[in-house]
Amino acid sequence: MTTLDAIDARKPIVGMIHLPALPGAPGFDGDFEAVRSAALRDARRLAAGGVDALMVENFGDAPFYPDDVPKHVVASMTRLATEIREAVDRPLGVNVLRNDAEAALSVATAAGAAFVRVNVHVGARVTDQGVVEGRAHETMRLRERLDADVAVLADLDVKHSAPLARRHAPRTASGERPLDAEAVAEPIERGLAAGVVVSGAGTGHAVAGEHLAAVAAARDERGLDAPVFVGSGTTVENVADLLATADGAIVGTALKVDGETTAPVDEERVARLVAAADEVR
């Protein structure tokens, strides 16, 4: 199993680069150079603010393909990820929405990235793209064929989705459905993921402390040596509390101008959040 050793930091903060719409997407305005400039600007601001790693995703490409993006998306993301890697000395992750893990792994391998995020690695989820199924068996075999040293971070109960097997399970007061140790262990033990991601109900939505603690406890119960990352809703106000339990956080919205997900990265907001995280690491 490939590890996340490329991120040489305790309880790392991973800063998000939310790409504007890429060529072929409904929102693309015809100016790829503007997309490139925005990506590099955000990468440099995140690094200057002190994040430990970066992650790039095709956030502006809505409505998303469920699990197989066109080749032109792969080409655009490979170019952008490569330029980010050359411009900024930080480990890089890749997420290809909605759930094209093979594309993410291919982009990461070509660009020299260290890890990928896979929204549905095992099992199946009901999403606005329909039922999205995990393809760990294909993703991990592709990694072997590519001989790629790229780690997989797998979401648990990924945001903007509901589980098939537990679709009728009652939600807690915080909106999450309960997870047992088996559900936490499956992406790691059977899907060979290097770590897991816990997120709230949607982009920018906070993870409830009790839900995060339950995931970490389930991980420990199974004796798994795999980090638990917070995948949404981390802010300067709650980052210290979250990192008291979690092993890292992937942060996007809170690092943007005025806290707007699609706005440019605000270097001062990045520095403040990193400073708050340093209180517990």
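I started with Arg 36, which comes out as partly exposed at 22% relative accessibility. That's not far into the class, as buried would mean under 20%. I'm working from a predicted model here.

Next I looked for a charged partner. Arg 36 makes a salt bridge with Glu 33, and the closest N and O atoms sit 2.9 Å apart. Glu 33 is partly exposed too, at 40% relative accessibility. Both belong to helix α1 (residues 32-49), and since they are three residues apart, about one helical turn separates them.

Then I went over to Asp 155. Which residue does Asp 155 form a salt bridge with? I found Arg 117, with 2.8 Å between the closest N and O atoms. Asp 155 is in strand β7 (residues 151-156) and Arg 117 in strand β4 (residues 115-118), so this pair ties together parts 38 residues apart in sequence. I checked burial as well: Asp 155 and Arg 117 are both buried.

Arg 222 counts as partly exposed at 29% relative accessibility, and Glu 189 is partly exposed with 36%.

Back to my starting point for a wider look.

Last, I noted the total: searching the whole structure turns up twelve salt bridges.

Note on methods:
Residues numbered from 1 in each chain as written. Predicted model: local features only at pLDDT ≥ 70, side-chain atom pairs only at ≥ 80, totals over all residues. Heavy atoms only, no water. Salt bridge = Lys/Arg side-chain N within 4 Å of Asp/Glu carboxyl O. Helix = DSSP H or I, 4+ residues; strand = E, 2+ residues; numbered from the N terminus. Buried < 20%, exposed > 50% of the residue type's maximum accessible area, 1.4 Å probe, protein only.
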